[in-house]
Amino acid sequence: ADQEAATRKASSIELHGLHKRFGADTIALDGVDLSIRAGEFFTLLGPSGCGKTTLLRILAGLEEPDQGTLVVGGKELTEVPPHRRSVNTVFQSYALFPHLSVRDNLAFGLKMRGLPAGKRDARVDEIAAFIKLGDLVERRVDQLSGGQRQRIALARALVCEPDVLLLDEPLSALDAGLRAQLQVELQRLQKRLGMTFVFVTHDQDEAMVMSDRIAVLDSGNIQQVGTPSEVYERPANAFVARFMGHENLFAIHAREDDRVQTDIGWLRLVPGEQDSTPGDWLLVRPETLEINDTVPEGYNHLAGVVRERLYRGSRIEYVLEVNGHALMVVASNLGQRVHQAGDAVTISVCPEDLVTVVA
Ligand code: ATP
């Protein structure tokens, strides 16, 4: 199967100037340009209503853009109907036939394509073995667990060997443990198949753990495209920073040389490295901060008071009050001194860990 993966065709996707409106005043997509590489695990991430599903439906051919073009594998697809595209979709609701066997569910698409029965069976057995559900093929779908159904839905989308697989929040109905397990499985499967995956989610952790690259959307516009670490560590703007879960984001009120004034005080940046103007934001990642009596040379220091301590097992989260503002600090739980609510503490802030973010 690995050899097969290496030679399997994968398609790149080019989207240019996509616009989509619903009615008079809903702009679902407001001029989207995107290049997705062949064989990439690409995720569309954004809050509810940002246009993720609309973009996916346009790729599938279920929705027509008002303007713009769509090229998949070098072929202009904008006018091609859904069933003529080598694109398949896995939806959140499994969309399986509950009273039919797994085999009949998997064979359905192949039958529609006119594949003879003998070949259908062979393909079904092959794909079922591939996703490790070989012993379930004769079972009825309504006798399977949620996680097994989701894997069958995936297998059904894969069995016709599309060039591109679209996945619309396929894991969101599953409980946390199963979801985490399928995240890993799905990512492995994609790498083995070498197929292009376009995955939709509103969950930034899920996006980071699975994707080669992520596009963050807001109100029908792409805010940033990058690898998980680029998007998390260098958010393009304050929206992306907040959406990626950053809480320590402080407005920059003034700048003098390499120092910026924020709500939590004056902080020195790395000389000449960070561009910023008043109105921008300073991102202070909680895991880069240290509560310490002695501040390392070259570090900023802030004075604060512990307001809350959250025990998370592997780590401890502190909510500190600094200059009347909340500052989150994440400390490892390895032989560190534990601070109590009410303790006055000193926080070390390394200039290299500070990131300026445009508004
Ligand atoms: P969610 O995560 O909630 O599914 P989304 O990011 O997928 O959201 P879309 O479903 O693409 O968002 O919707 C984008 C915007 O277009 C929303 O304001 C939505 O209400 C609107 N919209 C989507 N489909 C239609 C439709 N068929 N008719 C009218 N408005 C629609």
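Me: Which way do the residues of strand 6 point, and are they buried or exposed?
Reply: In this predicted model, Val87 and Thr89 point one way from strand 6 (residues 87-90), while Asn88 and Val90 point the other way, and all are buried.

Me: What does strand 6 pair with?
Reply: Strand 6 pairs with strand 7 (residues 164-168) in the parallel sense, and the pairing runs over four bridges. Within that pairing, asparagine 88 stands opposite leucine 165 of strand 7.

Me: Leucine 165, then. Which residues have the most contacts inside the largest nonpolar core?
Reply: Those residues are Leu165, Val198 and Leu282, and the core they belong to, the largest nonpolar one, has 85 residues. Helix 5 (residues 146-158) provides the largest share of this core, namely six residues. The core also draws on both domains, taking at least three residues from each of domain 1 (2-242) and domain 2 (246-357). As a general point, nonpolar side chains tend to be buried together in soluble globular proteins.

Me: And what does valine 198 touch?
Reply: Leaving aside residues up to four places away in sequence, valine 198 touches Ile36, Phe42, Leu44, Leu56, Leu59, Val164 and Leu166.

Me: Back to the domains: how far apart are the C-alpha centres of domain 1 and domain 2?
Reply: The C-alpha centres of the two domains, domain 1 and domain 2, lie 39 Å apart. Where they are in contact, six residues come from domain 1 and six residues from domain 2. On the side of domain 1 that touches domain 2, the residues divide into three nonpolar, one polar and two charged.

Me: Changing topic, which residues come nearest to the ligand?
Reply: Of the 13 residues around the ligand, the ones that come nearest are Phe22, Ala28, Ser48, Thr53 and Thr54. By type, the residues of this shell divide into three nonpolar, nine polar and one charged.

Me: Which element gives the most to that shell around the ligand?
Reply: Helix 2 gives the most, with three residues. Strand 2 (26-36) and helix 2 (52-60) each supply at least two residues of the shell.

Me: What about helix 3, which of its residues are buried?
Reply: In helix 3 (residues 102-112), the buried residues are Val102, Asn105, Leu106, Ala107 and Leu110. The elements that cover these buried residues include helix 4 (117-130) and helix 5. Just after helix 3 comes glycine 114, which takes a positive phi of about 80°.

Me: Which residue has a positive phi although it is not a glycine?
Reply: Glutamate 169 is one of them, with a positive phi of about 45°, and serine 219 is another, also with a positive phi of about 45°. For background, most residues other than glycine have a negative phi.

Me: Where do glutamate 169 and serine 219 sit?
Reply: Glutamate 169 is in the loop between strand 7 and helix 6 (176-193), whereas serine 219 is in the loop between strand 9 (213-218) and strand 10 (221-226).

Me: Why does glutamate 169 count as partly exposed?
Reply: Glutamate 169 counts as partly exposed because it has 19 C-beta neighbours inside 10 Å, and a residue is buried only if 20 or more lie within that distance. Serine 219 is partly exposed too, with 15 other C-beta atoms within 10 Å.

Me: Now the open sheet: in what order do its five strands come?
Reply: The five strands form the open sheet in the order 15-19-16-17-18, and the pairing is antiparallel. Strand 15 (290-291) and strand 18 (325-332) stand at the edges with a single partner strand each, so one side of each has no neighbour in the sheet.

Me: How many bridges join strand 15 to strand 19?
Reply: Two bridges join strand 15 to strand 19 (residues 344-349), and these strands run antiparallel. Isoleucine 291 has isoleucine 347, in strand 19, as its bridge partner.

Me: Last one, what does arginine 285 touch?
Reply: Arginine 285, which lies in the loop between strand 14 (281-284) and strand 15, touches Asn248 and Asp353, not counting residues up to four places away in sequence. The C-alpha atoms of arginine 285 and asparagine 248 are separated by 6.5 Å, although the two residues are 37 residues apart along the chain. Arginine 285 is partly exposed, with 17 other C-beta atoms within 10 Å.

Definitions and conventions: Residues are numbered from 1 along each chain as its sequence is written. This is a predicted model: local features need pLDDT of at least 70, side-chain atom pairs count only at pLDDT 80 or more; totals for chains, interfaces and linings use all residues. A nonpolar core is a set of buried Ala, Val, Leu, Ile, Met, Phe, Trp, Tyr and Cys residues joined through C-beta atoms within 7 Å. A residue is buried if 20 or more other C-beta atoms lie within 10 Å of its own, exposed if 12 or fewer, and partly exposed in between; C-beta atoms are placed from the backbone. Domain bounds come from an automatic or database domain assignment. Two residues are in contact if their C-beta atoms, placed from the backbone, lie within 7 Å. A residue is near a molecule or strand if its C-beta atom, placed from the backbone, lies within 6 Å of it. Ala, Val, Leu, Ile, Met, Phe, Trp, Tyr, Cys and Pro count as nonpolar, Asp, Glu, Lys and Arg as charged, and the others, Gly among them, as polar. Two strands pair if DSSP finds at least two bridges between them.
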